[in-house]
Structures are given as structure tokens and as C-alpha cells.
Amino acid sequence: MKEFVSQVLPASTRSLAGGVPPAPPGTIFALAAGGGFAVPPRKFTLHFGRDRDDVHVPIGLDDPYVSRLHGIIVGDGLEWRIRNKGKLPLQLSGDAMLLSGHERLIETGYNPLFISSPKGRSHLLEIYVVGFRITDAHVEQRSRTKMPEVYDLSLAERLVLTALAQRYLRHERYPQPVSWNQVASDLNQVPDGRQWTPKTAAHLVAAVRERLAEGPDPIRGIRREDGVGEPVGNTLNHNLIQALLLSTTLMPSDLRLLGEEQDEEQG
């Protein structure tokens with residue numbers, strides 16, 4: 001492999017959720033809406049925050065709630081750790097948060113995190129570490145980077161689920177699935193000639209939940225019989241959407257199916 005050197009990632013760089021270019025194990029990629037930076041495994045401190053001139057990865061440039069230096073990613077040649085130096089917490093996968101002054105190890109693979117401001121804006125920082133966590137300088141075994149298990153969806157299923165999950169895909173704060181009436185209304189604006197009703201969309205998603213609850217990599221918590229407490233409300237669909245997002249089965253780029261173009265800066 002050609003020697004990999006530290007490099008700026010332009011704003012046009014595609015989402016890291018789909019993988020990264022060939023790079024040695026331990027290389028880190030960090031990307032926000034305005035661009036990013038990639039560094040091979042070595043001693044290095046990568047800065048991210050609002051002050052474009054003094055950070056490697058600018059994020060939340062026009063949001064005063066984002067700190068000028070919101071955080072650092074420190075490498076020692078073996079592993080990478082992220083430390084929150086800003087006032088707002090960093091929102092990690094699931095419900096986890098990294099509070100101000102705290103740090104944690106960055107696992108290999110794709111790691112999305114968000115900085116959410118009190119005004120409802122949310123800024124995505126994508127981090128990808130190639131290979132596996134190197135715990136010993138003498139370890140020779142190397143393994144391929146494991147990508148998330150993406151679930152198979154038909155075009156119609158992807159379209160309906162994108163409409164249902166649109167608030168999540170836009171990185172809205174405290175998202176919930178939209179109503180079936182809105183799903184049908186949005187789908188009927190898509191020029192594919194098909195007419196949708198709330199009941200048709202709901203039945204299709206129910207069928208997806210049944211299939212993915214029984215598949216080779218079953219999703220838990222998407223059926224009543226999984227032990228989801230009453231009242232169920234949006235819980236089943238919320239759990240389904242969360243699983244599809246974490247597996248990168250659904251991605252913000254899917255909003256284009258609804259004719260929606262993404263802004264350069266989320267929120």
C-alpha cells in the first residue's frame with residue numbers, strides 16, 4: 001500500500017458511513033459538513049470546533065453554542081481517544097453522551113456523533129477508524145474492518161421508511177416517526193405514479209418489522225411480543241428506525257428519494 005499521509009478531506013467528501021479509502025489499520029478519518037481530516041496511526045492531536053482557522057475539522061461554524069474548540073481526538077500511535085472540551089455534550093450512538101471534560105476510546109469502524117444546540121440545531125461529526133484497536137505494539141494479526149450489517153430493503157420499503165424516519169435523517173432534536181397521514185401525503189408527492197394511503201404505508205412497515213424480527217440478524221423490540229410495554233405508541237417504529245440508522249441501512253442521503261436536497265450544514 002502506498003504510504004498514507006495526513007490529509008485534508010474536502011467538503012465534497014462522501015459520508016464515511018459507506019467506508020473510507022484504503023488506509024493502514026489505525027488511520028482515523030473525521031468529517032463534518034465543511035470538510036475534515038485524516039491521519040495515519042501516530043502521535044497526533046486532531047482539533048474540531050467552530051474556529052475554522054484553528055481546528056482541523058470545522059463544525060457548527062455559524063452556531064454560537066458550539067465551542068471554538070469543542071473537542072480533541074488524541075492518538076498515541078496505538079489508539080485514538082476523544083475528549084470533550086466544549087460546553088455542550090457530544091451525543092454518541094444510542095442515548096450515550098460524552099460530557100464536557102470527559103473522554104473515551106474511539107472504537108474501530110464508523111462512529112457518528114452529534115453536537116446539539118439549545119436552539120434545535122444538530123451538527124454531525126463522523127469518525128471512522130480503520131482496522132481494529134491495536135492494544136499491543138507486537139500484535140501481528142490484522143483483521144478486516146467490519147462494516148455494519150445492512151438490512152435488505154426493496155425500493156418501496158426504503159421510500160416508505162425514509163418518509164417515516166425523515167426527522168431522524170434530518171438530525172432533528174428528539175425525533176419521532178411522523179404520522180401515517182404525513183407519510184402518505186409525502187409519498188404521493190413523489191412522481192412514481194403510485195398512490196399511497198396511511199393504511200398501505202403502515203401495513204408495509206409492519207411487514208418489514210415482522211421480517212427483520214425473524215431474520216438472521218434479528219432486530220429486538222420491534223414487535224409487541226418482544227415485551228414492549230403499553231402503551232406502545234411509536235415505540236416499535238422508533239426502535240426499527242434506530243436499528244436501521246445504526247446499521248447504516250437508512251442514511252441522510254435517502255431523503256433524496258423524497259425530492260429533498262440536503263443542506264451543507266445540518267439543522
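I call a residue buried under 20% relative accessible area, exposed over 50%, and partly exposed in between (1.4 Å probe, protein chains only). This is a predicted model, so I take local features at pLDDT of at least 70 and side-chain atom pairs at pLDDT 80 or more, while totals for chains, interfaces and linings use all residues. Residues are numbered from 1 along each chain as its sequence is written, and side-chain values use heavy atoms, with hydrogens and water left out.

Salt bridges came next. I count a side-chain nitrogen of Lys or Arg within 4 Å of a carboxyl oxygen of Asp or Glu. That rule gives 9 salt bridges.

I checked R223 with E214: N to O is 2.6 Å. R223 is buried because its relative accessibility is 13%. E214 is exposed, at 54%.

I then checked E79 with R81, where the closest N and O atoms are 3.8 Å apart. E79 counts as buried at 18%. R81 counts as partly exposed at 29%.

R121 pairs with D62 at 3.1 Å. These two sit 59 residues apart, R121 in the loop between strand 11 and strand 12 (122-129), D62 in the loop between strand 5 (57-58) and strand 6 (71-76). Strands here are DSSP E runs of at least two residues, numbered from the N terminus. D62 is exposed, at 52% relative accessibility.

Last, which residues lie nearest the centre of the second largest pocket? I found L92, S93, R104, E107 and N111, among 14 lining residues. A pocket is an open set of points on a 1 Å grid over the protein atoms alone, where a 1.4 Å probe fits, with protein on both sides within 12 Å along at least five of seven lines; lining residues have an atom within 4 Å of a point. Strand 11 gives the largest share of the lining, 4 residues.
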